[in-house]
Amino acid sequence: MDWITGIQKAIDYTEAHLLEEIDYEAVAQQAYSSSFHFQRRFRFLCGFTLGDYIRMRRLSLAAEDLTRGREKIIDVALRYGYDTPESFSRAFARFHGVTPTEAKRGGQVRTFTPLSVKLILTGGSKMEYRIEKPGPVQVVCKRRQVTKPENARGIEDITEFWNECGKDGSMGRIVGYFPKEPKLKGLLGICFSAELDGNQFPYGIGVEYDGRPMEDEDLEIVTIPAYTYAVFPCRGRMPKSFQDTYHKIVTEFFPQSARYQYGSGAELEVYPSQNIDDPNYYCEIWIAVNEKKEGGDAIRERFSPD
């Protein structure tokens, strides 16, 4: 299934369940994707999160119900997932600029129409990547639960974690375990996306482990299983170059790749140098991928009893 078809199926599923508690994992499954990767791509493509989309659609429909003038505000609030009239009124006023009571009396409200995915001509630019198969990799790292990096809060969580590790000496202790001949040649930012729990997942800062006895109780040794990675070079001033490269990965590489799709493994940021103020800074983004199955193989896998 291509990305365009998949995201439209996910949107259609969301629309069909707007009056229910929506399972984000079930939405992502419509696009044959993990919840982590689907929500991240959705944010890049649409400019807002899946949660924002659901909220704005519900508030738009709530306004339509209220303008008919026949229902109580509490009934409309409960229908669209709000526990109290007060929480509904606050959200409604932020979105529409008028209160629910004013809307019932003919106040001007806003509409937010359903998304519809259409094919447009994009690309035409070169994008470098290579495929790496490093096998299982042991890393020593410090981990923390962070919010998914689909909005400002998630990015702030990760930035704050890096700053703390630099200030409290953790970074120096981690680098002390760096091997002489690493497969991953740099300091690592590790998204353990397969361990997504709700809207959070473990993020690690570490290096490949050289095997020496562990002396730091706040650090841990983690084995990253063998994955196939698509590796994307990132050149230029940080963090803009990183953000621009990741945006192209999400909006150009994966939607248009005839061969590769997101895998279910880790995502790695590989930083060979700490000199991030260099205008020509170089780092790499490693994303676990699977080869797309075609024809009978895809059909057999989809309908396999296992």
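Helix H4 is largely enclosed by the rest of the structure in this predicted model, since 13 of its 18 residues are buried. The helix covers residues 50-67, and at 1.5 Å a residue it should span 26 Å; the end C-alpha atoms do sit 26 Å apart, so the two agree. Just after H4, glycine 69 takes a positive phi of about 80°.

Turning to charge pairing, the count comes to 19 salt bridges. One of them joins glutamate 128 to arginine 235, with 3.1 Å between the closest N and O atoms. This pair links distant parts of the chain, 107 residues apart: glutamate 128 is in the loop between helix H7 and strand E1, while arginine 235 belongs to strand E6. Glutamate 128 is exposed at 51% relative accessible area, and arginine 235 also counts as exposed, at 51%.

Arginine 144 and glutamate 164 make another salt bridge, their closest N and O atoms being 2.5 Å apart. Here strand E2 (arginine 144) is linked to helix H8 (glutamate 164) across 20 residues of sequence. Arginine 144 is partly exposed, at 29%, and glutamate 164 is partly exposed too, at 31%.

Then there is aspartate 216, whose side chain meets that of arginine 173 in a salt bridge (3.0 Å, N to O). Aspartate 216 lies in the loop between strands E4 and E5 and arginine 173 in helix H9, so the pair ties together parts 43 residues apart in sequence. Aspartate 216 counts as buried because its relative accessibility, 17%, falls under the 20% cut-off, whereas arginine 173, at 28%, is partly exposed. Both residues belong to a salt-bridge network that also takes in Lys142, Asp168 and Asp218.

Methods: Residues are numbered from 1 along each chain as its sequence is written. This is a predicted model: local features need pLDDT of at least 70, side-chain atom pairs count only at pLDDT 80 or more; totals for chains, interfaces and linings use all residues. Side-chain values use heavy atoms; hydrogens and water are left out. Helices (H or I, at least four residues) and strands (E, at least two) are DSSP runs, numbered from the N terminus. The expected span of a helix is 1.5 Å times one less than its number of residues. Buried means under 20% relative accessible area, exposed over 50%, partly exposed in between (1.4 Å probe, protein chains only). A salt bridge is a side-chain nitrogen of Lys or Arg within 4 Å of a carboxyl oxygen of Asp or Glu.
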